[in-house]
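Visitor: I would like to learn how to read a protein model, one feature at a time. Please show me the molecule before we start.

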Amino acid sequence: MSASAQIGVTGLAVMGRNLARNFARNGYTVAVHNRTAAKARALVDEFGDEGEFVLAETAEDFVAALERPRRLVVMVKAGEPTDAVIKEFAPLLEPGDMIVDGGNAHFADTRRRERELREQGIHFVGTGVSGGEEGALNGPSIMPGGSKESYDALGPMLEKISAKAADGSPCTAHIGPDGAGHFVKMVHNGIEYADMQLIAEAYQLLREVAGYSPAEIADIFRTWNTGRLDSYLIEITAEVLAHVDAATGEPFVDVVQDQAEQKGTGRWTVQIALDLGVPVSGIAEAVFARSLSGHKDLRDASRGLAGPKAEPLAKEEAAAFADQVEQALYASKIVSYTQGFHEIAAGSDEYGWDIDLGQVSAIWRGGCIIRAAFLDRIRAAYDARADLPSLLADDGFAREIGEAQDDWRAVLVAATRQGVPAPGFAAALAYYDALRADRLPAALTQGQRDYFGAHTYRRTDREGSFHTLWGGDRSEVSA
Ligand SMILES: NC(=O)c1ccc[n+]([C@@H]2O[C@H](COP(=O)([O-])OP(=O)(O)OC[C@H]3O[C@@H](n4cnc5c(N)ncnc54)[C@H](OP(=O)(O)O)[C@@H]3O)[C@@H](O)[C@H]2O)c1
């Protein structure tokens, strides 16, 4: 087989197949391979007229079909299958070749794989891909890690097939070495969980407190989508809420079981944040809300517990309440992104990735699930000040969240009074209030720790560590 393909894709389920077609539609010759060869044949049979494909039935044929340096994209199930595929292909490759893992790998696995393959002179490019199957075909947001050298060889192709932001710039950029790309994709998914949870809480409040129907709430979301909340998730929420179940004639949202599932990247975002000591309470509440919803037995056993039953507002009050919910949603969204970007900054410091946060927000503006007008604002904030310590330190976001806070608090008062859970809104407000507080009760926590464990504390008035002799005369000693 002559080496004619500029890129190869192995793993041709929905994502790999659409990514291969995207490369071909953009003028690249694409070698296609799948463990079960029938899928590769089916792809060429069905879509062969979209561009140049080279069908490879064996690993050897696949590698032989690729121009050097070889660019081999792996789109298989994350975890062991990815290791199996690397084990199969690495011995067939030569120094300078690239293995691009576009699956949802854990960044720690990516760091390990990159290290192992580097010893062989192979570039391992752990790459986040967001946008689902539609994005993979028509332009995803792509977050490649790996060496700068690999980006030089691969970047122009990724830029061509990626989504484009409204200003025409590609939604991909070199994120940083080894696991940086998969880390950023992981936090992207964590933010996605938080965005979805906040939208779900807004829906529940509009339904139970304001008394709107799903169709009316769809209209409210459509209106919000013309303003500062303009985003893919708000847009599809309106579509889902407006959908009527054909079998029953009921709103679709009323016939779906209220138990949310998850694949794991949101959970990873929280686990890693705990390791890094970064408070991502909004993302954590979103993960916990999904897990709580799935505990059917626990919920069945608790359904009759005492508490208020929400009583819908009068029509004239409902519209004003909806405006307040918009403020609460927007303010909470600012907090989720603040927390997510904090986690990326902390990961970048920990692993020496030197991630450009403004660039991350720029490549999320198109193609990915959290794409939103809002990301332009974040990019502008980092453009104005690259070392911004927090999004809340940006004058524009600080002003907006300040203006939203009365309504945000009012929504949480209503939610609490009426017994409607709003953990995302509440966690976001608590984070905001904790950050702006003059003093936190952490001082008392330190006192308790010193009392039972002699863990020591620092004083406000002088340097050093101290311990109080709690069991003795309660005098203070330097520790
Ligand atoms: N679906 C999405 O929206 C989405 C979005 C972003 C990222 N991703 C990530 O992209 C990757 C691909 O996702 P997907 O939904 O298209 O497919 P998938 O269901 O995750 O994986 C199926 C593919 O993996 C191959 N595979 C499984 N075990 C293998 C092994 N031991 N050796 C070789 N190949 C093996 C399968 O080959 P056979 O056909 O032979 O079984 C098939 O091509 C995943 O890592 C996923 O997490 C998915």
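Visitor: Which way does α12 pass α13, in a left-handed or a right-handed crossing?

Guide: A crossing is left-handed if the near helix is turned anticlockwise from the far one by less than a right angle, and right-handed if clockwise. Here α12 and α13 form a left-handed crossing. This is a predicted model, where local features need pLDDT of at least 70 and side-chain atom pairs count only at pLDDT 80 or more, while totals for chains, interfaces and linings use all residues. Residues are numbered from 1 along each chain as its sequence is written, and side-chain values use heavy atoms, with hydrogens and water left out.

Visitor: At what angle do the axes of α12 and α13 cross?

Guide: Axes are lines fitted to C-alpha atoms, for helices over the stretch in contact, with angles from 0 to 180 degrees between N-to-C directions. Helix α12 covers residues 265-276 and helix α13 residues 281-294; their axes cross at roughly 135° and come within 9 Å. Therefore α12 is oblique to α13 (under 35 degrees is roughly parallel, over 145 roughly antiparallel, 65 to 115 roughly perpendicular, the rest oblique). In contact (heavy atoms within 4.5 Å) are G266, R267, T269 and V270 of α12 with I283, A284 and V287 of α13. By type, the contact of α12 with α13 has 4 nonpolar, 2 polar and 1 charged residues (Ala, Val, Leu, Ile, Met, Phe, Trp, Tyr, Cys and Pro count as nonpolar, Asp, Glu, Lys and Arg as charged, the others, Gly among them, as polar).

Visitor: How far apart are the axes of α4 and α5?

Guide: The axes of helix α4 (residues 80-89) and helix α5 (residues 107-118) are 12 Å apart, and the angle is about 10°. That angle is why α4 counts as roughly parallel to α5. T82, D83 and I86 of α4 touch R112, R113 and L117 of α5. This contact of α4 with α5 divides into 2 nonpolar, 1 polar and 3 charged residues.

Visitor: Which residues of α15 and α17 meet?

Guide: From α15 come Y330, K333, I334, Y337 and F341; from α17 come F374, L375, R377, I378 and Y382. Of the residues in the contact of α15 with α17, 8 are nonpolar, 2 are charged and none is polar. The crossing of α15 and α17 is right-handed.

Visitor: How many residues surround the ligand?

Guide: A residue counts as near if one of its heavy atoms lies within 4 Å. The ligand is surrounded by 19 residues, of which M15, N34, T36, K39 and V76 are the closest. Polar backbone atoms of L12 and K77 each lie 3.3 Å from an oxygen atom of the ligand. For V14, a backbone N or O atom is 3.4 Å from a ligand oxygen.

Visitor: Where does P69 lie?

Guide: P69 is in the loop between α3 (59-64) and β4 (71-74); helices and strands are DSSP runs, of at least four residues (H or I) and at least two (E), numbered from the N terminus. The peptide bond from R68 to P69 is cis, with omega about -10°.

Visitor: What is phi of T456?

Guide: Phi of T456 is near 70°, a positive value in a residue other than glycine. T456 sits in the loop between α20 (442-453) and β8 (466-468).

Conventions:
Polar contact = N/O pair within 3.5 Å; in protein donor to acceptor, adjacent residues only side chain to side chain.
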